[in-house]
Amino acid sequence: MTQDMPHDDVVIIGAGIGGLTLALALRERGIGATILERTAELREVGAAVALSANATTLFRRLGVLDALEEVSWAQSDLIFRDGRTGATLGRTPVGATYRARFGADYLGVHRADLQRVLSEAVGSDRILMSRHVTGLREEGAHVLIDLADGSRRTAGVVVGADGARSLVRRWVVGHDDAIYSGRSGFRGIIPTEQLSELPDPHAIQFWIGPTGHLLHYAMGGEGQDVNFLAVSRTPERWPADEWVVPARDEEKFAPFAGWHPAVTQMLGAVEVTQRWALMRRPPLPTWHRGRVVLLGDAAHALVPHHGQGANQAIEDTWALAEELATADPRDPTAAFEAYEGRRRLRTRAVQFASWQVAEVLHLPDGPEADARNAHMGSSSYFEDTLAWIHGYDPTHDSGIRPGRLSR
Ligand SMILES: Cc1cc2nc3c(=O)[nH]c(=O)nc-3n(C[C@H](O)[C@H](O)[C@H](O)COP(=O)(O)OP(=O)(O)OC[C@H]3O[C@@H](n4cnc5c(N)ncnc54)[C@H](O)[C@@H]3O)c2cc1C
């Protein structure tokens, strides 16, 4: 029955950041993989990503860092500010000292540029576009993959790198379990030169307050653009099945009324027509079933408050490629178990820290917020909250564990 169908040893479902990086990590181990991507074009216009050293060091190893640096901006500092007054609460240089310590930069990049660099390195012959996977079934030593166009393929191993609303995840665990985090976001990209009120335009900055926060960073080869994510503690309940809903432009201002002019100028500089639900998922009991395994958001989607979703997907790829390189082709279960064992604690800790940081950023005025501000101003803040995330080397399982996660 399976004889006339195209067959691959490894099929990756999803040419997102995780799927593309996995194809490169597998190639490094001599394993060819085919990627099936549902969209016709890899172009997420209007989106960006901040890549920390735990990912950029791996990109150097995979040979794509030089090309990536040409279209990225290395952040100068990480700055926390009071959103209403603009007062600096904490500042950590993340330029030369960060590079010297962690071995690579903290980069801001247009998502379309990142996907272009990665897909060019993978090669178009390995990425099959407009291949929407609609179903999986295991038959003997193969997985049967159904596509929306009615065709079928087979694979020895299938990796579900199909994102936060993963079909493969549902096949592995049997249900969908996204939980609205009680926060939503507005996103936008603005030319840096339009932001006359913005201090430190080439830094990554959090403007914080009880009703929400504004995160932004510089990106593009010349630092010519700023990407922002404005997070509010509204609505209380998410009103739709969709994770992105239409929004009126003026809705974005309400949580930030009376905030510093740099914040209101940034929000006002671009029309926003969508509101993003920030969803979280409880950790899964398992990441694999039979010959199918999950990676990236499909395995451990997290809220974006530490900017770690893509970075964690990238970290996953090295461990999975290493374990698949020694897998028993008759039964990959042991390799999947080993991969999951290497990644479970780390991704759970980052998931938890990402959730917790929003609570900390949105503290009401009072003694707890004062204590947080004092901590942000201390020299240990970066060390306590972020060094264990950014300083992790996925190629060495360096074992840096969570420090003090809270304020
Ligand atoms: C508002 C916001 C801001 C964020 N900012 C950051 C940040 O600054 N830094 C960071 O690290 N992370 C950030 N993230 C998270 C980050 O976007 C994700 O964690 C990351 O993209 C996950 O990579 P992935 O490869 O697992 O999935 P994705 O990048 O989502 O890729 C999944 C791919 O699978 C394809 N696909 C889906 N279903 C199918 C199917 N059935 N058949 C075939 N193909 C399919 C999709 O089209 C897509 O190309 C942010 C997220 C949000 C919502």
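1. In this predicted model, Trp-73 lies opposite Gly-108 of strand E7. The two strands concerned, E4 and E7 (residues 107–110), are paired antiparallel through 3 bridges.

2. E4 and E7 belong to an open sheet of 3 strands, ordered E3-E7-E4, with antiparallel pairing. From one strand to the next the twist averages 20 degrees.

3. What lies across E3 and E7? Helix H5 (residues 111–122) does, and its direction is at about 90 degrees to E7.

4. The other open sheet to note has 8 strands with mixed pairing, in the order E6-E5-E13-E14-E15-E12-E17-E16. Its edges are strand E6 (88–93) and strand E16 (244–246); each has a single partner strand, so one side of each lacks a neighbour in the sheet. The average twist from one strand to the next is 20 degrees.

5. Within the sheet of 8 strands, strand E13 (residues 204–209) runs antiparallel to strand E14 (residues 212–219), and 5 bridges join them. Phe-206 has Leu-215 of E14 as its bridge partner.

6. H10 packs on it and touches strands E5 (77–82), E12 (179–191), E13, E14 and E17 (274–280), with its direction at about 80 degrees to that of E12. Helix H11 (residues 367–376) also packs on the sheet, where it touches E5, E6 and E13; the direction of H11 makes about 30 degrees with that of E6.

7. H10 (residues 333–361) also meets helix H9 (residues 309–325): their axes come within 8 Å and cross at roughly 160 degrees. An angle over 145 degrees counts as roughly antiparallel, and H9 and H10 are therefore roughly antiparallel to each other. The crossing of H9 with H10 is right-handed. Residues in the contact include Trp-318, Leu-320 and Glu-323 of H9, and Phe-336, Tyr-339, Arg-342 and Arg-346 of H10. Sorted by class, the contact of H9 with H10 comprises 9 nonpolar, 2 polar and 7 charged residues.

8. H9 has a further contact, with helix H2 (residues 53–61). The axes of H2 and H9 come within 8 Å, crossing at roughly 45 degrees, which makes H2 oblique to H9. This crossing is left-handed. H2 contributes Asn-54, Ala-55, Leu-58, Phe-59 and Arg-61, while H9 contributes Asn-311, Gln-312, Ile-314, Glu-315, Thr-317 and Trp-318. By class, the residues between H2 and H9 are 5 nonpolar, 4 polar and 2 charged.

9. Is strand E1 (residues 7–13) enclosed or open? Of its 7 residues, 5 are buried, so E1 is largely enclosed by the rest of the structure. E1 runs parallel to strand E11 (residues 152–160), with 6 bridges joining them, and Val-10 stands opposite Val-157 of E11. E1 also pairs in the parallel sense with strand E2 (residues 34–36), over 3 bridges; there the bridge partner of Ile-12 is Ile-35.

Note on methods
Residues numbered from 1 in each chain as written. Predicted model: local features only at pLDDT ≥ 70, side-chain atom pairs only at ≥ 80, totals over all residues. Heavy atoms only, no water. Axes fitted to C-alpha atoms, helices over the stretch in contact; angles between N-to-C directions. Helix = DSSP H or I, 4+ residues; strand = E, 2+ residues; numbered from the N terminus. Parallel < 35°, antiparallel > 145°, perpendicular 65-115°, else oblique. Left-handed = near helix turned anticlockwise from the far one by under 90°. Contact = heavy atoms within 4.5 Å. Nonpolar A, V, L, I, M, F, W, Y, C, P; charged D, E, K, R; others polar. Pairing = 2+ DSSP bridges. Buried < 20%, exposed > 50% of the residue type's maximum accessible area, 1.4 Å probe, protein only.
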